[in-house]
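Here's a quick tour of a protein model. Have the structure open while you read.

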Amino acid sequence: MRNVVSFLVLLAFGFIVYAQFSEIAYKFGFAELKKVAVLENDKKIKVKCDAYAWGFFDEIKIENSFQKCINDYQAEGYTLIAGISTPVK
C-alpha cells in the first residue's frame, strides 16, 4: 500500500513539474508552430504546403518558406482552397 501511495505522489509531482516546465519554456521562447495550406488546380489536382517547427526557431524564416511554397504553386495556376495554421504558443 505504501508503494502505491508513493507512486501516486511521485506521479502527481511529475505532472506538476511538467506543466510548470511547459509554461516556463513557452515564456522563454520555446514554442510550436504548425501551418498547412492545400492548393488545387483546374484539373482537381491537390498539393499541400506545410511548415512545422518545435523548440526555438526563427518564425520569420519559416513563414517566408511557407509563403514561398504557396506562391510557387499559385504561379503554376493553383488556387488556395484550405489553410490551417496554429499560432505560436
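## A loop asparagine

Does Asn 41 count as buried or exposed, going by relative accessibility? Asn 41 counts as buried, at 13% relative accessibility, with the cut-off for that label being under 20%. Keep in mind that we're looking at a predicted model here.

As for where to find it, Asn 41 sits in the loop that runs between strand 1 (31-40) and strand 2. Its side chain has a polar atom 2.9 Å from the backbone nitrogen of Ile 45. Then there are the partners from elsewhere in the chain: once you set aside neighbours within four places in sequence, Asn 41 is in contact with Gly 77 and Tyr 78.

## The disulfide

Now for the cysteines. The structure holds one disulfide, and it links Cys 49 with Cys 69, at 2.0 Å from S to S. If you like torsions, the angle about the S-S bond is -80°, making the link of Cys 49 and Cys 69 left-handed. Cys 49 belongs to strand 2 (residues 46-55) and Cys 69 to helix 2 (residues 59-75), so this pair ties together parts that lie 20 residues apart in sequence. In general, a disulfide is a covalent bond between the sulfur atoms of two cysteines.

## Two ends, two surroundings

How accessible is each end of that link? Cys 49, on the strand side, is buried, with a relative accessible area of 1%. Cys 69, on the helix side, is partly exposed, and its relative accessible area comes to 24%.

Note on methods:
Residues numbered from 1 in each chain as written. Predicted model: local features only at pLDDT ≥ 70, side-chain atom pairs only at ≥ 80, totals over all residues. Heavy atoms only, no water. Disulfide = S-S within 2.5 Å. Helix = DSSP H or I, 4+ residues; strand = E, 2+ residues; numbered from the N terminus. Buried < 20%, exposed > 50% of the residue type's maximum accessible area, 1.4 Å probe, protein only. Polar contact = N/O pair within 3.5 Å; in protein donor to acceptor, adjacent residues only side chain to side chain. Contact = heavy atoms within 4.5 Å.
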